[in-house]
Amino acid sequence: MKKIIIFHILFFLCLYASAQSGYQGKKFIVQYSSLIGFRASNPSFSQSSENMGINYTHSLEIDYTISRKHTIGLAFSNFRTSVADEFETTNTSKRLPSALKLTAYGAEFNVKFTNKNPGFIAPMGMYQKIGVGIWLGQLTDDSGTLKMDSIPVKQFTDFALSYGLGKRKVYFDRLVLDMGVHFSLTSSYNKQSTESYEGGLIRTEGGESYTTNDSIEDFAGKRLFNHIWITFKVGVGLLL
Amino acid sequence: MNPLNTLLTVFTLFLLLVKPLQAQDFQNYKPIKFSGSIPEDFLRLSSEKYALGKTSIDKSDKAIEKKTKKKFFLESSFGIQKILYSGKVLFNDPVTTYLNQIADKLLQQNPAFRKEIRIYAVKSASVNALTTNDGIILVNLGLLSQMESEAQIAFVLAHEIIHYQKKHVINGYVETQKVQRGKGVYKELSFDDRILAKSNYSKELETEADLEGLDLYLKSDYSIDEIQNVFDILHYAYLPFDEVKFEKSFLEFKNFTLSEEYFLESVNPVGSKAESYDDSVDDNTNNNVNNRGNQNRGTQKESNDDDKYSTHPSTMKRKEAILSKISGISSHGKKKYLMPEDTFLKMRKVARFEIANIYLMNQQYEQAIYHSYLLLKEDSSNVFLRKVVAKSLYALSRYHNDSKLYDVHESFKSMEGESQQVYHLVEKMPKAEFNLMALKYAWNLQKELKDKASKDEDLEYVIKDLLYDLTKHHYPKRSSFFSNPPVEEIPDTTHQPEEKELSKIDKIKKNKVQHKKNDMILYALVDELKDSEFVALYDEMASIDKNPKKEMSYQQKVREKKRKRVRGERLGIDKVVLVNPLYTKVNLKKKEKMRYVASEQAQIDLNKLLLKNAQKSGLEVKLLARNNFEVNEGEMFEDFAFLNQWISEKFTEVDNEVILVNLDEEKVRELIQKYKTPYFCWMAFAGVRVKKSPSSKVLSIFTSVFFPPLLLFTIPYLFTPQYESSHLCLLFNIQTGELVFEKLENMETRDSDSMLNSNVYDTFYQMNRKKK
């Protein structure tokens, strides 16, 4: 809570300190973005991994122009997907009985540098973005077996660093179109979840329950990373 | 009293009153200004003129000819507009009115045709006139300044009218294109023969204009005796309007004499370069108005008879052709003047005064001095002309002191006639002495004006600058100068025997005399130093720190640049006048790269966009832009013209790295007062569609073949057009001449409305943002 308060104080201090131009004086942008990831093997929320999957992340962004070249922003993101329905160990191929669903919520603070090309004035034009964020993941089993009245099976948090390249265009002095490519690196990107998983997450003899342990979290963390590590962004927003 | 006597008395009194009044006009002459309503020719859009031109194309023409004509109408419509907005084409002025009155007399019998022709005087010193395809005839003041009678002007106008009547401009263009393409009868011709063919066709048109112009002229009441002199005038048009010995006393003052060494014993005889001018006189194409006039006089040589590759027949050949046609025709009942002779003389005088100023503004200082010298022969006390001389001397001194004289000066060797003396003097005179001469000229004039209670502010700045230079480059202390006149006369050593013929003692004596002679300039300020005002001014200029500010280090410069880029400026300006913002659209993928019509539309949209963003940013903006004038805004057009001239001078000064004071301080003050701001801004925008290089296309395909995900980038790259755009903004404080703010952005993106809005708003915002 303390951190959140400090963060908000800093954010509003930035707003107060800025007295910059923006686009015709409009400095705020409220934007919806869809981050699209094309995956060859990872499943989407509804599709198995056999097919080419398209992973979507939905994001609500609020940006504020603080100088001719800089914009600060907050992004709140969310996605739902399946963790995996197939995995491999070194010598066996095992299958989850049914998809394990992952719902993730992210919050990110970012700074956009409109310095790629000298002529662009923030918030318009080409930019590079650097951000830090936090992800909250919830794992649920939608088979119903362990649903326990929608109480998540497992919750975990992950930190992320992000970098992006993009271009913002303005139409009719109000409408913003934002396109680009974004990369994210999460803290659990290198966890060897499949190896840990082997011992725990298997159908029990009776075939009626899962074992949840840390290895599931690791496995889900890696899935989260796979979902967001490279995405193409298309956003539509309003200049205020 | 007899009524006739009363009438005569009143008339005589009127003449007595009017004459001095007219003379008084020239005493404090003011250059011609634009006023009243702006003519339709200026206000109509070029795209409309182009559309109108296209409708006149004959449908039965071959496709290629139609295309050529379309191209002609496009280029000429926009080219003419550029000339009209150059600020040099006059309207509602007495000279233009006078020229139109002569045309009225010429075409008295054909009033319907007369209505098609519009004549304008042009502020240019070159002896030239040009006609456009849509009936505009532009007559340079340079031409009027050399004419000897109204009839001569009528003959030149008759020639130009025929160019219009016979559609020579478009016909010449179509034929030239045909020759260049090597079509039809030109198919088998070599390169040289094609040039010759073009030249011959052009000469045919000129001859036709001469002969048919003569027919038109003969129908009028103008005397044919005047015609032959027209060609003689054109033949020597590269020379000043008169040929009078340049007296050295013109630039001598009490305690300041000029050495004979600075003057040539004999000047290059007139005529040796006359032929070179033949080609430049009477241009019927719509090239830009060349306002530097005969600055390159004498640089080309061409035999009088060798007009083989020229666009015009030689003047002498033209003269012969005309004379043979008029031989035997009587001038009985015909006149030199159909309007009062006085009007012609006055108009010519106006033209000559204007040219003195034009030379000054065009940095042709020696010509300005000699031209003013000729006019001062008639009226030695004329303030306007003496100011032109003072300012010319000042500018030359500035360039001299900064060792950049040759940026504005041509070698005396290439000159001919008496004006050569001025070039020689400028070249041979040492910097310090020249500086002193300019100072004394300006100071004496200012003193004289002050005595008449009409002190001039321009001269005030000129004097300060000259004193600043004198204290910086030559005499930092006033004590260097003698305050009493010399006791003994210093003999002139100019005509001494050769050095080798002198004995040792003679040489020592000669050196002593030379030293004394060099010291003579130290007596130059004897009288001035008795004037407390001069002394105070000298001390003030001497006390200014002349060491240039320490330059920033490279790191500091980079840091400063970055700071400005991120934070922008805070200029705290409330009001700005935007002068002639320009928009150009170019398509490098096409053969015809310039997108004229699109540029004009973009220009119109830009005017609106600028005003919209000014309003949003809180900056008060006054727009002086083409395609934005109303009919009754002639005075604003005057400001527009002046400011365009001002900025072009500024660019030249920046190029030459020699900064001069405002040479028309009065007008500058008037503008600041009128618009309530000293800040004037020039903006330019460009949108360019770029041609992608074939190698980059191949490379992108090649890499995508090996790494297919790159197709995501390759496909848009291959199939979407590529653009670049630029935005330039220069904000000047016209009072100080200082460049207050500059911005140049080159972007690899399309010049979309949002990009323009973003940039323009940001520019205005930086200007308006209050200082911390």
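Modeller: Gladly! Chain B and chain A bury about 1900 Å² between them, and carbon and sulfur atoms account for 51% of that. (Buried area is the accessible area, taken with a 1.4 Å probe, that two parts lose on being put together, summed over both.) This is a predicted model, where local features need pLDDT of at least 70 and side-chain atom pairs count only at pLDDT 80 or more, while totals for chains, interfaces and linings use all residues. Residues are numbered from 1 along each chain as its sequence is written, chains are lettered from A and ligands numbered from 1 in the order written, and side-chain values use heavy atoms, leaving out hydrogens and water.

Now to the residues themselves. On chain B, 26 residues are in contact (heavy atoms within 4.5 Å) with 22 residues of chain A. Between the chains there are 3 salt bridges, each a side-chain nitrogen of Lys or Arg within 4 Å of a carboxyl oxygen of Asp or Glu. Arg68(A) and Glu745(B) form such a bridge, with their closest N and O atoms 4.0 Å apart.

Which elements of chain B give two or more residues to the side that touches chain A? They are α21 (554–567), α22 (596–617), β8 (738–747) and α27 (753–768). (Helices, H or I of at least four residues, and strands, E of at least two, are DSSP runs numbered from the N terminus.) The largest share, 10 residues, comes from α27(B). By type, this side of chain B has 6 nonpolar, 9 polar and 11 charged residues. (Ala, Val, Leu, Ile, Met, Phe, Trp, Tyr, Cys and Pro count as nonpolar, Asp, Glu, Lys and Arg as charged, and the others, Gly among them, as polar.)

Let us follow the charges. Side chains of opposite charge can pair when their charged atoms come close. Over all chains, the count is 43 salt bridges. In chain A, Lys129(A) and Glu108(A) pair at 3.2 Å, N to O. This bridge links distant parts of the chain, with Lys129(A) in strand β7 (125–141) and Glu108(A) in strand β6 (100–113), 21 residues apart. Lys129(A) counts as buried because its relative accessible area is 5%, where buried means under 20%, exposed over 50% and partly exposed in between (1.4 Å probe, protein chains only). Glu108(A), at 15%, is buried too. Elsewhere in chain A, salt bridges link Glu61(A), Asp63(A), Lys112(A), Arg168(A), Asp178(A) and Lys233(A) in a network.

Back in chain B, Glu638(B) and Lys667(B) form a salt bridge of 3.7 Å, N to O. Glu638(B) sits in helix α23 and Lys667(B) in helix α24 (665–675), 29 residues apart. Both are buried: Glu638(B) has a relative accessible area of 9%, and Lys667(B) has 4%. Lys674(B) and Asp639(B) pair as well, their closest N and O atoms being 2.7 Å apart. Lys674(B) is partly exposed at 36%, whereas Asp639(B) is buried at 1%.

Helix α23 (634–656) also holds Asn644(B), which is buried at 12%. Leaving aside neighbours within four places in sequence, Asn644(B) is in contact with Tyr85(B), Val579(B), Asn580(B) and Trp682(B).
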